[in-house]
Amino acid sequence: MKYSKDFYQKIIEASHDEICVSDKNGVIIFCNKSFEENYGISKSEMIGKNVEYLENHGYATKSPIPLVIQSKNQITVEQETHTGKNLLITATPVFSDNGEIEYVVENVRDITELNKIKTKLQTTEKEMNKYKSEVETFYRTTLKYEDNIISNGPVMQSIMQTADQVSKANVNIMLLGESGTGKSSLAKFIHQHSHRANGPFITINCAAISPQLLESELFGYTSGAFTGASSKGKVGLVELANGGTLFLDEIGDIPLPLQSKFLQLIQEKTFLPVGGIKQKKVDIRIISATNADILAKVKERSFREDLYYRLNVIEIKLPPLRERGDNLLNLIRYYFKKYSIQFDMKDKVISDEAVKFIASYNFPGNIRELQNIMQNIVLTSKNNYVDVNSLPEKIIYTIKNNNSNKDDNLSVYNNSFVSDFDSRNDNSIKNKTDKFSIDNNIDSKIVEDSQKKHPISFSKVNDISFCIDDNNLQDFDTLIYNFENKIISEYYNKYKSSYKIAEILRISQSKASRLIRKHVKK
């Protein structure tokens with residue numbers, strides 16, 4: 001096939017990439033149209049000029065042609081032009097028969113857009129790494145802080161020590177306890193302290209997903225596995241947990257037909273996606289949790305015995321809040337502070353007496369109910385200083401009813417105080433106030449000892465007269481507040497010292513200071 005004389009000329013001119021040729025001295029002898037677009041100078045103006053003309057007159061940064069003439073080697077450089085373009089130039093020497101450079105041919109590609117994309121990708125990568133670092137830091141900090149909160153007190157310390165010890169071993173763990181006792185937080189703690197800490201932590205609530213969908217959510221499915229399935233298939237949570245921990249909450253609700261598939265997963269570390277024909281292998285650790293009597297389910301044959309023993313290599317039981325002692329008191333303070341900050345009410349302070357009164361409730365809903373109650377108190381209490389008298393009526397009513405229906409030894413709060421609240425409907429207010437005791441330190445042992453050794457009643461408060469006007473009866477809370485006000489005001493006017501008042505009333509100095517701020521230095 002014959003081509004026209006200008007065939008090659010047309011091809012070179014049509015090239016999107018620039019082609020430029022110089023002689024052995026660096027003088028431009030040819031360039032195509034792309035040259036004009038790259039440098040903003042016409043071909044006719046540039047041909048016959050040395051390539052250094054571009055740099056000397058500000059059209060572009062240094063050209064590789066002089067370097068090729070000097071080194072006699074192919075050279076690639078990046079160049080910037082005054083038109084705002086970034087060029088990738090490869091300059092190649094063409095030699096004569098005697099080995100001397102005859103021409104230098106430049107192949108020039110515009111990489112301006114490519115560099116912009118590269119810069120954007122680098123920026124995006126930096127931002128992603130930054131956010132990832134921030135999330136990981138926040139996650140670890142939050143976990144650490146929650147660990148400190150949840151592990152406070154002898155009951156929880158023993159449990160957390162066990163959890164920390166078994167976290168290092170790659171065995172399955174079952175967490176038992178009432179709903180809301182913090183099983184998911186403990187599962188995160190175990191994962192975070194295990195050798196899988198850098199791997200994923202995947203959670204699924206087996207009771208929250210219908211039995212028909214649970215298998216596909218856990219094990220995924222292939223394309224066209226069932227009607228309505230995605231044409232691309234779906235990766236299951238088991239596969240997503242590869243290299244990390246799979247937390248199965250409410251494990252007792254897994255349907256019996258699906259339990260055999262879990263048994264295979266635990267024994268063989270393999271599973272078959274719904275609609276699949278090829279087994280997949282994963283490396284996961286399973287932490288399960290339930291508030292049900294799982295052994296009863298085993299006896300009823302609604303839960304496989306062999307699966308139970310596979311999951312329950314290590315068993316940890318979390319006690320309800322009502323059995324945690326000091327841990328409950330600290331949780332109350334923690335959530336009060338947390339929600340005060342969250343709701344922009346940072347000036348709010350809760351008294352030790354209020355904390356203790358709240359702790360007398362048995363919290364059937366455990367931590368979730370505690371969170372609900374503390375949000376209620378923060379949002380609805382009218383004073384910045386929250387004591388028992390300023391607690392929302394709903395909370396007082398709930399706690400009073402709770403205390404009237406439970407054994408006295410379950411109450412963490414001062415029994416005499418609670419009994420006074422429970423006797424609000426007595427006909428004689430004076431009888432109630434006569435048996436009221438002032439000393440309400442936060443530590444129950446201190447309270448008990450103080451009441452035995454140094455009981456303080458009306459008759460022993462010097463220079464204070466407290467009269468009840470039968471014609472102008474006030475509600476019990478107001479009477480108590482006024483009585484407390486008179487005591488603190490009289491003693492402060494006389495001694496001007498929180499240390500002295502604390503000594504006389506046998507309360508802590510910090511409590512005396514709070515009472516002074518409440519009643520005297522408002």
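Predicted model: local features only at pLDDT ≥ 70, side-chain atom pairs only at ≥ 80, totals over all residues.
In soluble globular proteins, nonpolar side chains tend to be buried together. In this model the largest nonpolar core has 30 residues, of which L218, V238, L248, F262 and L265 touch the most other members. At least two residues of this core come from each of the strands β6 (173–176), β7 (201–205) and β8 (245–249), and likewise from each of the helices α9 (211–219), α10 (237–240), α11 (256–268), α12 (294–299) and α13 (305–311). Helix α11 gives the largest share, five residues. Once residues up to four places away in sequence are set aside, V238 touches L218, F219, L246, L265, F271, V282 and I284. Another core, of 29 residues, lies apart from the largest one and has I350, F363, I396 and I399 among its members.

Two packed helices are described by the angle between their axes and the distance between the axes.

| Helix | Residues | Residues in the contact |
|---|---|---|
| α22 | 498–505 | S498, Y499, I501, A502 |
| α23 | 509–519 | Q509, A512, S513, I516 |

The axes of α22 and α23 lie 8 Å apart and the helices pack at an angle of about 110°, which makes α22 roughly perpendicular to α23, because angles of 65 to 115 degrees are counted in that class. The crossing of α22 past α23 is right-handed. Sorted by class, the residues in the contact of α22 with α23 comprise five nonpolar and three polar ones, with no charged residues.

How values were computed. Residues numbered from 1 in each chain as written. Heavy atoms only, no water. Core = buried A, V, L, I, M, F, W, Y, C linked by side-chain atoms within 4.5 Å. Buried < 20%, exposed > 50% of the residue type's maximum accessible area, 1.4 Å probe, protein only. Helix = DSSP H or I, 4+ residues; strand = E, 2+ residues; numbered from the N terminus. Contact = heavy atoms within 4.5 Å. Axes fitted to C-alpha atoms, helices over the stretch in contact; angles between N-to-C directions. Parallel < 35°, antiparallel > 145°, perpendicular 65-115°, else oblique. Left-handed = near helix turned anticlockwise from the far one by under 90°. Nonpolar A, V, L, I, M, F, W, Y, C, P; charged D, E, K, R; others polar.
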